[in-house]
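Here's a quick tour of the fold, meant to be read with the structure open beside you. We'll go through the sheets, the cores and a few residues worth a look.

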Amino acid sequence: MAADLTQPSDGTVLLDRTGREMSYRKICVEVVSGVDQGQRFTAAGGEIAIGTSAGNDLQLTDPAVSRHHCAIAVAPRGYLLADLGSTNGTSVGGISIERAFIKPGGLVDLGQTRLRFDVMDDRVRETLALEERWGRALGRSPAMRRIFAILPKLAASDTSLLLEGETGTGKSLLAEVLHDASARRAKPFVVLDCGAIPPTLIESELFGHDKGAFTGATSTRRGVFEAAEGGTVLLDEIGELPLDMQPKLLRALEDRVVRKVGSNESVKLDVRVIAATNRDLRQEVNRGRFRSDLLYRLNTVRVRVPPLRERRDDIAVLASHFWTQFANDPHAAPPGELLVDWLRRDWPGNVRELRSAVERAVLLDDPAIWAEISSTIEVPLDRPQAVAFDDAASFRHAKERAVGEWERGYVRELVRRHDGNLSRAARAARMDRNHLRELLRRHGVTIQDD
């Protein structure tokens with residue numbers, strides 16, 4: 001059975017969520033006025049990118065059009081037109097837009113060019129994976145099963161891959177499961193967060209340095225490319241890479257060699273490179289913050305990981321998985337009313353935010369864990385607390401204040417019981433170290449961060 005993406009009268013794209021295949025009508029654009037009048041492009045996939053750069057699907061010569069001007073994509077709610085941070089903007093019906101749904105036959109103005117958007121009778125068909133899991137990645141939604149269907153081919157290849165998606169959508173996990181399924185699985189998987197390294201050290205982190213190459217270089221050090229020899233390098237948040245470092249990275253990727261800082265010797269590379277970003281790099285190119293040639297080199301294959309609000313079918317699956325994980329019980333499940341509440345949320349922090357919410361719910365509400373905490377930590381968790389009543393506060397705000405007071409007392413006693421050691425405290429509470437560190441910072445508790 002095929003899932004059908006089409007266009008009903010209300011503008012919503014229909015999707016049969018039970019299918020093994022997703023199909024949608026082909027989209028096309030035609031220049032109806034301007035210097036490129038008559039040009040036409042029909043997409044073989046679900047997006048049309050428009051601009052003057054050679055990397056676009058519809059390449060224009062209008063000097064008032066930006067290199068990466070706008071894009072039209074098939075989405076569950078309709079056909080989404082997005083301006084990519086262009087200089088002169090994109091407008092529909094005389095109204096300037098950043099993102100808007102457009103109907104077939106709609107006219108789009110960019111620069112001195114007018115386009116007509118249309119939908120064809122022919123269809124694009126994309127396979128959906130039958131399973132709701134690929135490695136450690138989970139997803140029931142068509143959006144994720146669509147990705148799972150192409151992952152085996154990507155895992156069998158050494159081609160560069162660009163993962164795009166909002167923070168917390170699971171890009172790093174997908175990169176890791178791709179490595180685990182590849183022929184490089186026995187070799188290292190090395191991650192470099194380009195946004196977490198000071199600009200003065202990024203070159204050394206990437207390529208390594210020789211002893212004495214700069215002040216503080218007391219020994220020779222390998223960079224991530226050498227450290228991942230034979231394996232995979234994930235360049236996380238590649239959009240944060242300083243502009244002056246981008247030509248050096250491009251050269252390394254093109255020539256497959258690196259040179260340590262302070263060295264004249266070249267080292268050959270045998271790594272697969274996966275890049276991830278929470279930005280649209282086409283917009284960064286327009287803003288002069290990312291080189292277009294590096295974008296084309298990384299963008300051999302581009303996979304957009306959708307936010308959780310666009311794949312609500314995954315919320316229950318992920319919440320149940322995290323619940324059994326944090327409760328340490330394969331038969332445990334989140335309460336129905338809590339799950340209903342989670343299904344209504346937009347989750348701006350995506351899967352990472354959902355995971356934290358489940359961890360917090362298990363920690364605070366699961367009776368078995370409450371009993372265990374009560375027996376080891378001298379905080380009265382098993383009986384109601386006297387709370388000052390404020391008739392000006394809503395129930396929600398009063399509850400949040402009460403939970404915050406409980407949380408503050410809990411983490412203070414937790415770290416006291418474990419002599420201020422972060423790792424031991426996190427293990428005792430069955431909590432992620434980073435989450436515990438954030439709670440401690442929020443409540444002003446100091447701890448030994450080992």
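**Quick briefing**

Strand S15 (residues 161-164) and S22 run parallel and are joined by four bridges. Leu161 is the residue that sits opposite Ile274 in S22. Keep in mind that this is a predicted model.

**The parallel sheet**

- S15 and S22 belong to an open sheet of five strands, ordered S16-S19-S22-S15-S23, with parallel pairing.
- At the edges you'll find S16 and strand S23 (301-304); each has a single partner strand, so one side of each is left without a neighbour in the sheet.
- On average, neighbouring strands here are turned by 20° against each other, ignoring direction.
- Helix H2 (residues 171-180) packs on this sheet and touches S15, S16, S19 and S22. The direction of H2 makes about 150° with that of S15.

**The mixed sheet**

- There's also an open sheet of five strands with mixed pairing, in the order S5-S4-S6-S7-S10.
- Its edges are strand S5 (58-59) and strand S10 (99-102), each with a single partner strand, so one side of each has no neighbour in the sheet.
- Within this sheet, strand S4 (residues 47-51) pairs with strand S6 (residues 70-75) in the antiparallel sense, over four bridges.
- If you want a spot to look at, Ile50 stands opposite Cys70 in S6.
- As a reminder, strands of a sheet pair through backbone hydrogen bonds, either parallel or antiparallel.

**The nonpolar cores**

- The largest nonpolar core has 30 residues, and the members touching the most others are Leu206, Phe225, Leu235 and Ile238.
- At least two residues of this core come from each of these elements: strand S16 (189-193), helix H3 (202-207), helix H4 (224-227), S19, helix H5 (246-255), strand S22 (272-277), helix H6 (281-286) and helix H7 (292-298).
- H5 gives the most to this core, with four residues.
- Zooming in on Leu206, and skipping residues up to four places away in sequence, its contacts are Leu192, Gly223, Val224, Phe225, Leu235, Leu241 and Met245.
- A second, separate core is made of 24 residues, among them Ile48, Val65, Cys70 and Val124.

- Asp236 is placed in strand S19 (residues 232-236).
- Leaving out neighbours within four places in sequence, Asp236 is in contact with Ser172, Val191, Leu192, Asp193, Cys194 and Ala276.

**Two asparagines with positive phi**

- Most residues other than glycine have a negative phi.
- Asn328 isn't a glycine, yet its phi is positive, near 55°. You'll find Asn328 in the loop between helix H8 (313-327) and helix H9 (336-344).
- Asn350 also isn't a glycine and has a positive phi, of about 60°. Asn350 lies in helix H10 (residues 350-365).
- Buried or exposed? Asn328 is exposed, with a relative accessible area of 59%, whereas Asn350 is buried, at 0%.

Note on methods: Residues are numbered from 1 along each chain as its sequence is written. This is a predicted model: local features need pLDDT of at least 70, side-chain atom pairs count only at pLDDT 80 or more; totals for chains, interfaces and linings use all residues. Side-chain values use heavy atoms; hydrogens and water are left out. Two strands pair if DSSP finds at least two bridges between them. Contact means heavy atoms within 4.5 Å. A nonpolar core is a set of buried Ala, Val, Leu, Ile, Met, Phe, Trp, Tyr and Cys residues joined through side-chain atoms within 4.5 Å. Buried means under 20% relative accessible area, exposed over 50%, partly exposed in between (1.4 Å probe, protein chains only). Axes are lines fitted to C-alpha atoms, for helices over the stretch in contact, and angles run from 0 to 180 degrees between N-to-C directions.
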